[in-house]
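Let me put the model up and walk you through the bits I liked.

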Amino acid sequence: MSNKNIAALSILGMVLLAALPLASFAAAPNQPQKAEMAGYLLVPNDRVPNTYDAGFSMYVAAWPLVREYPGNRFQTGLFGTWMFAQYDGPKPEKVYSDIEGGLGWWRDTRFATETPKFIMGGVALNFSAWANGPGAGKVRDWTRPKGKYGVAQLSPWILWPPDGLNLRQGTCGELFGYGYLRLPLTEPKATTGGRQVPTGNHCWTLFLNTANFKGPVAFFTPYFFSRVTLDNPHLAGMFLDSRPSNPNRALQMETQYVPAYLATDSKGRTFSRVAPTSFPRNPNGESAVVHHVTAYNETALWNSAQRWFEGGPVPDGIDPQGAVTHNFPGRGGATWRIYKPRTSRDQKVPIAWTSFATPFAPEPGTFGYRWNYELVSKTDTQDGPLATLPEYYRLTEDANGRSKWVPVKPEDVPAETGLAEISFKRPDARPSVPYVTPDDLESCWKKPGPVAGPFKAYPGDGSVVTYYWYRFADQPALLNADLTDKEREALQKRAEKIHRTWKKDREYLAPPAIGKLAEIDPALIITPPRGLEAGYVPIVTEQGPRK
């Protein structure tokens, strides 16, 4: 071909290219990339006097946050709090320790469903150990307990699986009442582990108020908090075993991972899609998520329990005169962001939360959200009504040049992004590895060992739970609580008083003024065998997949 012909063809090519739309020169749309949504929903509440330092309680809504459980990367709490020790002066540095936990889903949840579970979430010094319930704590290696002996079972009527306390499957917007009050179940100790460092007698006890169980369940042993002082004697007296609680706590919903995807169209516009995420919806179309956050002083229960244990009268219950309720001003914030993994903190882009959610207080003791139903959809399920948040967002900039994710309707997302084809269904997973406690005949699980069992329970999460009945003072947690035989026997007598008097169907926490109470999974509500009604507790030794 001659140079003249080549030049002619080149000119013709340029003419044809010029006739094409400019969009044809844009980069080809990319394939959807994995991302995540995470952050906090913030719930301001009014302060109360610091003298209300003997514990707290509250009601929180329990519901299926996502439409289908998306796998064990999914981690989020529902609304909860962090209870720290209160100090006389400035808070000391680098002594993180508290009681947190609550309702939610965690990466170490082995038998997860769309229904949340509850964990106790006690944290020892700087996360050196944590305790989620009887026999449940940091890691699963029993040669390094790290908190797995930190909680003692108190109730003879409720079974606590190591994977977390199950709610009835299908719970959808009902209120779960819980809180921690300190009880003087033990006596203060001048020595800990044989060393001249003290341990207090604040036994922070979990109280529940549900439709089918009410009352005390389990407590953190004081040694769980004070054990670290064996290596750090200068920290003696700094933790919740001996310190009062700070009644003015943060109240938030902490979300660490909800699956999402990002994609860019041929015009260079970036869109995202988040797994369908919902909130409970009442008949008014609103979501009440937190109710009656209450703080207690020593007159609520501590003083009367102390007199009772010393031979005085049985307490009538928790004295409401020793309680104060936090009010909600009706404000609230959100730090939910959508971003690709390993994105630096300053590059994580927030969603335009206020475009579809408005925090409000329908009355001073309740916090919730109103929804913009032009962007939020009403979803009716067999378990109850939900408000489902926008799934799709477009990356934009505000007037100040700050990036944000703005909700868009599904039909406004170009098909070429491939986001509409994304599935957030529950992934196929290998069978869950069982939780198994030590089987050594010389271990605290066998010596002195149980008095009855084994028994089986079948909660709605698809697991099977094996448990035995132990004499209260001989349960493994108390054999690892730095208590002498004499101290354990004194504790045994106090537990027997509680079992004979504080039944599971009387009122402890003041009932809610709105809504309905959630239920514990009925498989976990049990009756003690004949002759073991007082002074004995059920202890789970294994939880595995149901065959």
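Cys203 is buried, at 0% relative accessibility; buried here means under 20% relative accessible area, exposed means over 50%, and partly exposed is in between, using a 1.4 Å probe and protein chains only. Its sulfur has the sulfur of Cys444 as the closest cysteine sulfur, and that is 19 Å away, too far for a bond. Cys172 is buried as well, with a relative accessible area of 10%. For anyone who wants the reminder, a disulfide is a covalent bond between the sulfur atoms of two cysteines. The rule used here is a pair of cysteine sulfur atoms within 2.5 Å, and by that rule the count is zero disulfides.

Quick housekeeping. This is a predicted model, so local features need pLDDT of at least 70 and side-chain atom pairs count only at pLDDT 80 or more, while totals for chains, interfaces and linings use all residues. Residues are numbered from 1 along each chain as its sequence is written, and side-chain values use heavy atoms, with hydrogens and water left out.

Now the overall picture. The protein chain has 547 residues, and 54% of them are buried. Its secondary structure comes to five helices and 33 strands; those are DSSP runs numbered from the N terminus, helices being H or I with at least four residues and strands being E with at least two. The C-alpha trace spans about 110 × 50 × 50 Å along its principal axes. Of the contacts with a separation of 6 or more, 74% are between residues 24 or more positions apart, where contact means heavy atoms within 4.5 Å.

On to the rings. How many aromatic pairs are there? The count is 39. To count, rings of Phe, Tyr and Trp (its six-membered ring) need centres within 6.5 Å; planes under 30 degrees apart are stacked, over 60 edge-to-face, and the rest tilted. One of the pairs is Tyr180 with Phe220, a tilted one, at 6.0 Å centre to centre and 40° between the planes. Tyr180 sits in strand β13 (residues 174–183) and Phe220 in strand β15 (residues 214–220), so this pair ties together parts that are 40 residues apart in sequence. Both Tyr180 and Phe220 are buried. Then there's Phe224 with Phe225, an edge-to-face pair at 5.0 Å and 70°. Phe224 is buried at 8% relative accessible area, and Phe225 is buried at 0%. There's also an aromatic cluster whose members include Trp63, Phe79, Trp336 and Trp371.

Strand β13 comes back when we look at helix α3, residues 302–309. Six of the eight residues in α3 are buried, among them Trp302, Trp308 and Phe309. What covers them includes β13 and α5 (485–501). Just after α3, Gly311 takes a positive phi of about 110°.

Two glutamates next. Glu100 is in the loop between β5 (98–99) and β6 (102–105). What Glu100 does have is a side-chain polar contact with Tyr96, at 2.9 Å. A polar contact is a pair of N or O atoms within 3.5 Å; within protein, one must be able to donate a hydrogen and the other to accept it, and residues adjacent in sequence count only if both atoms are side-chain atoms. Beyond neighbours within four places in sequence, Glu100 touches Thr81, Trp82, Met120, Gly121 and Val123.

Glu416 is in the loop between β29 (403–408) and β30 (435–436), and is partly exposed at 38%. Its side chain makes a 3.0 Å polar contact with the side chain of Ser266.

Pro448 is in the loop between β30 and β31 (452–457), whereas Pro454 is in strand β31. Phe127 isn't a glycine, yet has a positive phi of about 65°.
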